[in-house]
Structures are given as C-alpha cells and as structure tokens.
Amino acid sequence: MRLQGKTAIVTGGASGFGAGIVRKFAAEGARVMVADVNDDLAREMAAEVDGIAHHVDVSSSDSVAQMARAVHELWGQMDIIVNNAGITHLPKPMEEVDEGEFDRIFAVNAKSVYLMARYFVPSMKAAGKGAILNVASTAGLSPRPNLNWYNASKGWMITATKAMAVELAPHGVRVNAICPVAGETPLLSSFMGEDTPEMRAKFLATIPLGRFSTPEDMGNAACFLCSDEASMVTGVAMEVDGGRCI
Ligand SMILES: NC(=O)c1ccc[n+]([C@@H]2O[C@H](COP(=O)([O-])OP(=O)(O)OC[C@H]3O[C@@H](n4cnc5c(N)ncnc54)[C@H](O)[C@@H]3O)[C@@H](O)[C@H]2O)c1
C-alpha cells in the first residue's frame, strides 16, 4: 500500500499505459481519477478500481480548469498527477505531416502539460508537496525516422520535466518522466504504421530484452516515482525500455 491515502489523476487513464497506471495506483491504496476524453472506457476503468471517471480534453484550457475545480471540491488536495494522455501521427516523411496534425499533437502531448501545471501547481505549492509524472517516450531520447514531430513532442516533455523539477523542488513538489519503449497498447499499430509480424519483428529487434513493454511495466515504474520511496528523485526521465536506449 505504497500510495495509501494519496489522491491521483491519471490523464488518458482509460486505455493502454494509463490503465496500467490506474490499476497499479489503486492496488497500492490511492484514490484515482480516470481523466479521459473517452467517457465509456473511463467509466469502465473507474468502476473496476472503485475510482472516479472524469471527462477531460487535456488540450483544452476550459476543460482542464473545470477538472481542477471538480478535484478541489471532491478531494481538496491533489497528491499525484500523471500526464499520460498522448497521440501520434502515422509514420511518414516530416514534410508530409500537415499543420492540423502537427498542432493537434503538440496540443495533446505538450500544451496539456502546461495546462495541468497552470491549474494544479498552485495547490501543490500551497500544500508544499506533490508528485507529477510525465509519460514521455524513448522517442524523445532516441528518435525513429518518420515519427519526427511525435518524437519532438516527447523531447519537449523531457525538457519540461527537468525545468518543472528544478523550479518546483523548493516547494516540495517532485516532477519526473518515464520513457516507455513501444508497448502493447492500442497506439502501437499507429507507431508501426502497419501491424504485421514483419513490422513487429523489426521493432523487437531494437529492444535488447526482446519484448514490447506493457501497461503493467508502466504502472510499476510510475508507482515508484510517485511514491514516497522516490522522495529524493526528481527531474529524471527514466527509460522503461528493455535497454532500447543503451
Ligand atoms: N504505446 C506505445 O508504444 C508508447 C510508447 C512510448 C510512449 N507512449 C506514450 O504513452 C502514453 C499513453 O499511450 P498508450 O499507448 O497507452 O495510448 P492509448 O491510445 O491506449 O491511450 C491513450 C489514452 O489517452 C486518451 N486521450 C487521447 N487524447 C486525449 C485528450 N485530448 N484528453 C484526454 N484524454 C485523451 C485516449 O482516449 C486514451 O484513453 C502516450 O503519451 C504515448 O505517447 C506510448
């Protein structure tokens, strides 16, 4: 029960890595808000862990502000925020990603981190404690060709993590990131472009431990970084990647 008594928001918590993080946090005693645009899946996930489903579009200032008000009414205090919601474009040459796709990726993957900070950091500062976890990617450390602007959005997230960590450290708030390698989630086929045995073998060949990552892997890493066991850890971008970035 390493998160006993803590409150946590997991954005994109209805699916994939977010769902793995929600399950682990709940199993370790946290009260969890599953914050997602997908209402049906969020409700299912929340029911499974006795948590709360909340509709949010993390790229919208109004929507995040409304969630902050709801959280303050519900719990008063927010201990843990996981910025996990994220999207990608399909693999293609950088000049073929259109402006609409580019803007959407940066709104969901990058601006969301700013919006969550804008609406939740003041109460964390006031409480003198808190943990924020950004779900970045190995894409931000060791980019693959053709995922160009997605890669860059994750690099942005890693720098944001470090900038937030150094600024919030005097306030007792820790900020870390995890960098997952390709994982078994609904997003995987978008990264690969086509889900074929050949494409899977190509991705797996770059992962020394020889398997894709899982939502459980992310739950375990997130739990450690957001728990008091990691009270001396801030500003790290931890690879959860089976050795891919070595
Ligand atoms: N799966 C991988 O291979 C992989 C690898 C590295 C990093 N990541 C990162 O992990 C995170 C989770 O990805 P996943 O693979 O679990 O994907 P997923 O598609 O399974 O889950 C993403 C969740 O985010 C939600 N979401 C999307 N846009 C949203 C918005 N605007 N507001 C609120 N919720 C929104 C979706 O409804 C969904 O429930 C992402 O940030 C992704 O970039 C994934």
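User: What makes the contact of Arg2 with Glu28 a salt bridge?

Analyst: Before that, a word on the source: this is a predicted model, where local features need pLDDT of at least 70 and side-chain atom pairs count only at pLDDT 80 or more, while totals for chains, interfaces and linings use all residues. Residues are numbered from 1 along each chain as its sequence is written, and side-chain values use heavy atoms, with hydrogens and water left out. Now the pair: a salt bridge is a side-chain nitrogen of Lys or Arg within 4 Å of a carboxyl oxygen of Asp or Glu. The closest N and O atoms of Arg2 and Glu28 are 3.7 Å apart, so the pair meets the 4 Å cut-off.

User: Why say that Arg2 and Glu28 tie parts together?

Analyst: Because of where they sit: Arg2 is in the segment before strand E1 (7-11), and Glu28 is in the loop between helix H1 (16-27) and strand E2 (31-36), parts 26 residues apart in sequence. Helices (H or I, at least four residues) and strands (E, at least two) are DSSP runs, numbered from the N terminus. The pair also belongs to a network of salt bridges that links Arg2, Lys24, Glu28 and Glu229.

User: Is Glu28 called buried or exposed, and what about Arg2?

Analyst: Buried means under 20% relative accessible area, exposed means over 50%, and partly exposed is in between (1.4 Å probe, protein chains only). Glu28 has 11% relative accessibility, so Glu28 counts as buried. Arg2, at 32%, counts as partly exposed.

User: How many salt bridges does the structure hold, and how do you know that Arg104 and Asp57 form one?

Analyst: There are twelve salt bridges in the structure. For Arg104 and Asp57, the closest N and O atoms are 3.9 Å apart, so this pair too falls within the 4 Å limit. Arg104 lies in helix H4 (residues 99-127) and Asp57 in the loop between strand E3 (52-55) and helix H3 (61-74), so the bridge ties together parts that are 47 residues apart in sequence. Arg104 is partly exposed at 40% relative accessibility, and Asp57 is partly exposed at 22%.

User: What makes Arg200 and Glu184 a salt bridge?

Analyst: The N to O distance is 3.0 Å, so that one is within 4 Å as well. Arg200 belongs to helix H7 (residues 197-204), while Glu184 is in the loop between strand E6 (173-180) and helix H6 (188-192), so parts 16 residues apart in sequence are tied together. Arg200 counts as partly exposed at 24%, and Glu184 does too at 39%.

User: Why are H3 and H4 called roughly parallel?

Analyst: Two packed helices are described by the angle between their axes and the distance between the axes. The axes of H3 and H4 come within 9 Å and cross at roughly 25°, which makes H3 roughly parallel to H4. As for the cut-offs, angles under 35 degrees count as roughly parallel, over 145 as roughly antiparallel, 65 to 115 as roughly perpendicular and the rest as oblique. The axes are lines fitted to C-alpha atoms, for helices over the stretch in contact, and angles run from 0 to 180 degrees between N-to-C directions.

User: Which residues make the contact between H3 and H4?

Analyst: Contact means heavy atoms within 4.5 Å. Those from H3 include Val64, Ala68 and Val71, and those from H4 include Leu115, Met116 and Phe120. The contact divides into nine nonpolar, three polar and no charged residues. Here Ala, Val, Leu, Ile, Met, Phe, Trp, Tyr, Cys and Pro count as nonpolar, Asp, Glu, Lys and Arg as charged, and the others, Gly among them, as polar.

User: What about H1 and H2, at what angle do they pack?

Analyst: Their axes are 10 Å apart at an angle of about 20°, and H1 and H2 are therefore roughly parallel to each other. Ala19, Val22, Arg23 and Ala26 in H1 meet Met45, Glu48 and Val49 in H2. This contact has five nonpolar, no polar and two charged residues.

User: Why point out the phi of Asp50?

Analyst: Because most residues other than glycine have a negative phi. Asp50 has a positive phi of about 60° although it is not a glycine. Asp50 sits in the loop between helix H2 (39-49) and E3, and at 73% relative accessibility Asp50 counts as exposed.
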